[in-house]
Amino acid sequence: MGGKVSKKRPESSADKLLPPASPTTPTTPKEIPLLENPPVTTMEETLAPKVYKRRWVMLLLFVAYSFSNAYQWIHLNIIGNVIIEFYNESLPTDSFQQATAIDWLSMIYMLCYIPLIFPATWLLDKKGLRISLICGAFLNALGAWIKCACLASGRFPVLMFAQTICAIAQIFILGIPAQLAATWFGPDQVSTATSIGVFGNQVGCAAGFLIPPLLVPNSDDRDVIGSDLGKMFYIWAGLTTALFIAIIVVFKEKPPRPPSKAQMLAAASGTQANYFDSLKNLFRNRGFILLTITYGINTGCYYGIGTLLNPIILHYFPGQEQSAGQIGLVLVLAGVVGSVVGGILLDRTKAFKATTVGIYLLSMAGMVAFTFTLGLNLIWVVFLTAGILGFFMTGYLPVGFEFAAEITYPEPEGTSSGLLNAAAQVFGILLTIGMRALVERVSVQSANITVSVMLLVGTIVTGFISADYRRQEAGKRAISYLDDVRFDINTEDKDTDKVV
């Protein structure tokens, strides 16, 4: 039994994505001896995309790695007053400079990302997901172990060095969710998979808010603080090492067959986008430039609030370090729910712009509510408004990734995600420094009002982004092209015992 492929229409632009025939390919049928047990795989099955159950294992490994690194971003700042007490000998004497030094334990994540995202994205494009994850997981574990050598009050510089290593590790994380989802998941799950990928980072932040105040409570005895810090550091060093080993052993670069027709055509083309050409194309895309600014504002506001949550809460509720951590937990977990809801909403409606604008507007409303309920001195109200703020503000993250992938197709998702996160780091540093200055020199409320105004500006700018859904259009063209390829199955020629 044999097969003949006949196309029902002339070559189109979509055909150019397919690899050209070899110069040695014969143009006339060639006689092929019959096999005793011919394979049953049809050409339709060979061309059809396929998703694999193991995709969830790959996603889970990335989520765990992202979780462990995000925890290390905020786990020192949420107990900032305890860190100042323990490392007082190696910190500046001025209180404002001390607070700023502690802020840099968080901001170093943002600072490292800005210059290093470009080589990290190049590595992701050229070497793929597996190599990028292995590099990041190694640095993540290394930084965690160096922190175990910081258990003396004069070693704050060593602690900052260890945090810098962890910060470098995060550049191999933030641009991956969209690319991992596109590589392993079908078109009806890609937005949900991206949301789950961001979910790991968010839950790690939640753990970073919740766990440290429980493990390292405030104390007047530095020896007690040092012992508690040691327990926290060694636990995380062991966890990150186990994840590093698991990624080396289990994580695979890509599935045997692409999960979608768009990915299949990209793989069949045999071409790989030039990284610098992709950067040029992205910088020429007006919609992407606007989205980069608005994404940076929203995420930068979140970074600023997260970094300064300890002094903000302690200003209104003195001695409530654990409550500050729990409010951070609520902020992030609500964002996890918001991320998943946003991803499902995008998968079902494909209304990227409307969803982005709506979430942005509600983020601003949530920040206004959080700002003016702090002064009521009702802690349960603060928990409630922090949950509303988190649901929309951190729920915006995967929506922004997917909107960028949609309006910049066919540029690599890792490149667009990397630029979005670079903008977030720039705004994060600026807003954190500005908020700290306002908290120390003016008032906590003035810092929160500034964040509310920035979110309003971001909402307005988002409204000017064009709904240019290029990825959806490419998917429709791919489906149209493949639907026009017909497979005619001929019967065996019994007289000649040949296949035609």
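Analyst: Val-249 counts as exposed because its relative accessibility is 57%; exposed means over 50% relative accessible area, buried means under 20%, and partly exposed lies in between, with a 1.4 Å probe and protein chains only. The model is a predicted one, in which local features need pLDDT of at least 70 and side-chain atom pairs count only at pLDDT 80 or more, while totals for chains, interfaces and linings use all residues. Residues are numbered from 1 along each chain as its sequence is written, and side-chain values use heavy atoms, with hydrogens and water left out.

Val-249 belongs to helix α9, helices being DSSP runs of H or I with at least four residues and strands being runs of E with at least two, both numbered from the N terminus. Together with Val-57, Ile-245, Ile-248 and Val-250, Val-249 makes a nonpolar surface patch of about 380 Å². A patch takes residues with over 30% relative accessible area and no salt bridge, joining nonpolar side chains (Val, Leu, Ile, Met, Phe, Trp, Tyr) within 5 Å and like charges within 9 Å. Helix α9, which covers residues 222-250, supplies the largest share of the nonpolar patch, with 4 residues.

Arg-222 pairs with Glu-89, and their closest N and O atoms are 3.3 Å apart. Since Arg-222 lies in helix α9 and Glu-89 in the loop between α3 (80-86) and α4 (95-127), the pair ties together parts that are 133 residues apart in sequence. Arg-222 is partly exposed, at a relative accessible area of 28%, whereas Glu-89 counts as exposed at 59%. As a general point, side chains of opposite charge can pair when their charged atoms come close.

The structure holds 3 salt bridges. Another of them joins Asp-103 to Arg-436, with 2.6 Å between the closest N and O atoms. Asp-103 lies in helix α4 and Arg-436 in helix α18, so this pair ties together parts that are 333 residues apart in sequence. Both Asp-103 and Arg-436 are buried; for Arg-436 the relative accessibility is 8%. Arg-436 also forms a salt bridge with Glu-440, where the closest N and O atoms are 3.0 Å apart. Arg-436 and Glu-440 are separated by about one helical turn, because they are 4 residues apart in helix α18. Glu-440 is partly exposed, with a relative accessible area of 36%. Through shared partners, salt bridges join Asp-103, Arg-436 and Glu-440 into one network.

Helix α18 spans residues 413-441 and also contains Thr-432. Thr-432 counts as buried because its relative accessibility is 0%. Leaving aside residues up to four places away in sequence, Thr-432 touches Met-107, Met-110, Tyr-303, Gly-304, Thr-307 and Leu-308, contact being defined as heavy atoms within 4.5 Å.

The interior can be described next. A nonpolar core is a set of buried Ala, Val, Leu, Ile, Met, Phe, Trp, Tyr and Cys residues joined through side-chain atoms within 4.5 Å. The largest such core has 94 residues, of which Ile-83, Tyr-87, Phe-156 and Leu-229 touch the most other members. Helix α12 (residues 286-307) gives the most to this core, with 9 residues. Beyond residues up to four places away in sequence, Phe-156 touches Ile-83, Tyr-87, Ser-90, Leu-91, Ala-101, Ile-102 and Leu-105. A second, separate core comprises 34 residues, including Leu-61, Tyr-65, Ile-117 and Leu-129.

Ala-193 sits in helix α8 (residues 190-215) and counts as buried because its relative accessibility is 2%. Ala-193 touches Leu-59, Ala-181 and Phe-185, residues up to four places away in sequence not being counted. Between Ala-193 and Leu-59 the C-alpha to C-alpha distance is 7.8 Å, although 134 residues separate the two in sequence.

For the whole chain, the protein has 20 helices and 2 strands. Buried residues account for 52% of its 500 residues. Of the contacts between residues at least 6 apart in sequence, 87% join residues at least 24 apart. The protein exposes about 21,800 Å², with carbon and sulfur atoms supplying 65% of it; these areas come from the Shrake-Rupley method with a 1.4 Å probe, and for residues only the protein chains shown count as cover.

Methods:
A salt bridge is a side-chain nitrogen of Lys or Arg within 4 Å of a carboxyl oxygen of Asp or Glu.
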